[in-house]
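Trainee: Please walk me through how to read a contact between two chains. I would like the general idea each time, then the case at hand.

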Amino acid sequence: MVQMGIYLYSVVFSNKEFNIDKHGIDNENLLYAIDSEDLRAVVSPVSMEEYNEESLAIKINDIEWLKEKAILHSDLVNLIFHSVDSIIPIKFGTIFHNKENIINFLEENRHSLVENLIRLNGTVEWSIKVYCDLERFINTSMLEEKKELLSRISNTSKGAAYFIQKKISGQMETMAKSKVLSVTDQLFNLLMSESTGGKLNKLLSREATGQKFDMYMNAVFLIKKADIGLFLSTVDKYRKENIDNGILIEQSGPWAPYNFCFLD
Amino acid sequence: MPIAKSTDASSLGEILERILDKGIVIAGDISISLADVELLTIKIRLVVCSVDKAMEIGINWWESDPLLSSKAKKENDEIKKLQEENQRLKELVDQKLTDNLLL
């Protein structure tokens, strides 16, 4: 008899009947609900043989396993997200030994969970990332600055000109980066004013994104469903304004509010 | 220059960024908790997994990283072998020279 644990996907209110008919992360057992008064944990049974601490630590280094399970987890949270008005998404790999422990978790954190659910009601999360092809940006948006700097070398000797050219390249790059950042600052502030909240996350390296160009902004926004249209049209407007200068604005969503729930 | 808006790598990246790193932080009876370094490594390895797409946009830095490429690892091992042999031969030469001096 294999010992079973309980894998937790999200916390929601229990006001609606639970009617999601889907297999959980193990592709075998169905999702179900554990209710404690008005709070509901959406869960599925998992084999403790595969989902114990040691086994998980090993499996997480198996790229194929992680890829499959990460996508499954995300899809299931997304499914739950679209079936409720408010959701608290749980991190990947959160498992409880038994039903009592889940209920204890709900009760011990009741105040915070309810606060989050109320605050997040009717909201979605969107990610806005900005990348920049700096070379292209310099060649399209810094012509005045380039001219000005180059005019400084017109009357120097060939040798000196070489070194000054190098220095100028460096200066151009620094100036370009700062100009790009002022564009992203402007965009962030504007989008903040059109959403319920926003947050800047760490910039990701090229290796982590697979992108050809550096990231200049990694922002997430919490938006009321009714405001999505305006928010996205603002992003679109910025995208069009920057279409030729090397600035790339990427959006992804709607997501459950992963970045906007906090447990005290 | 056409830039892919949503590569496999980037959608997978968006997923990982959320489910491994965000969401409410609670201690389940069992939780996967990852240090920043582990998280970054995982993200990179998952990006590398979407190799075809990456190659399309000119990324192939892993080909020279011995941790990520068997070809690079082989070359790395060969270099190591040569270094060891070189060291051994050096010692041999030194010994011979010393022997010659003593004669």
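Trainee: Which residue forms a salt bridge with A:Lys129?

Mentor: A salt bridge is a side-chain nitrogen of Lys or Arg within 4 Å of a carboxyl oxygen of Asp or Glu. Here B:Glu14 pairs with A:Lys129, and their closest N and O atoms are 2.7 Å apart. The count between chain A and chain B is three salt bridges. The model is predicted: local features need pLDDT of at least 70, side-chain atom pairs count only at pLDDT 80 or more, and totals for chains, interfaces and linings use all residues. Residues are numbered from 1 along each chain as its sequence is written, chains are lettered from A and ligands numbered from 1 in the order written, and side-chain values use heavy atoms, without hydrogens and water.

Trainee: How many residues does each chain bring to the contact?

Mentor: Contact means heavy atoms within 4.5 Å. Chain A brings 60 residues and chain B brings 38 residues.

Trainee: What area is buried between chain A and chain B?

Mentor: The size of an interface is often given as the accessible area lost when the parts come together. Buried area uses a 1.4 Å probe and is summed over both parts. Here the value is about 4,300 Å², with 64% from carbon and sulfur atoms. In chain A, the residues losing the most area to chain B are A:Ile63, A:Lys91 and A:Glu207, together 15% of what that side buries.

Trainee: Which strands pair between chain A and chain B?

Mentor: Strands of a sheet pair through backbone hydrogen bonds, either parallel or antiparallel. Strands are DSSP runs of E, at least two residues; helices are runs of H or I, at least four; both are numbered from the N terminus. Two strands pair if DSSP finds at least two bridges between them. Strand β5 (residues 94-96) of chain A and strand β1 (residues 30-31) of chain B pair in the antiparallel sense over two bridges. A:Ile95 has B:Ile30 as its bridge partner.

Trainee: In what order do the four strands of the open sheet in chain A run?

Mentor: The order is β7-β8-β6-β9, with antiparallel pairing. β7 (197-200) and β9 (247-255) of chain A stand at the edges with a single partner strand each, so one side of each has no neighbour in the sheet. Strand β6 (residues 123-132) of chain A pairs with β9(A) over seven bridges. There A:Glu125 stands opposite A:Trp255.

Notes:
Buried area is the accessible area (1.4 Å probe) that two parts lose on being put together, summed over both.
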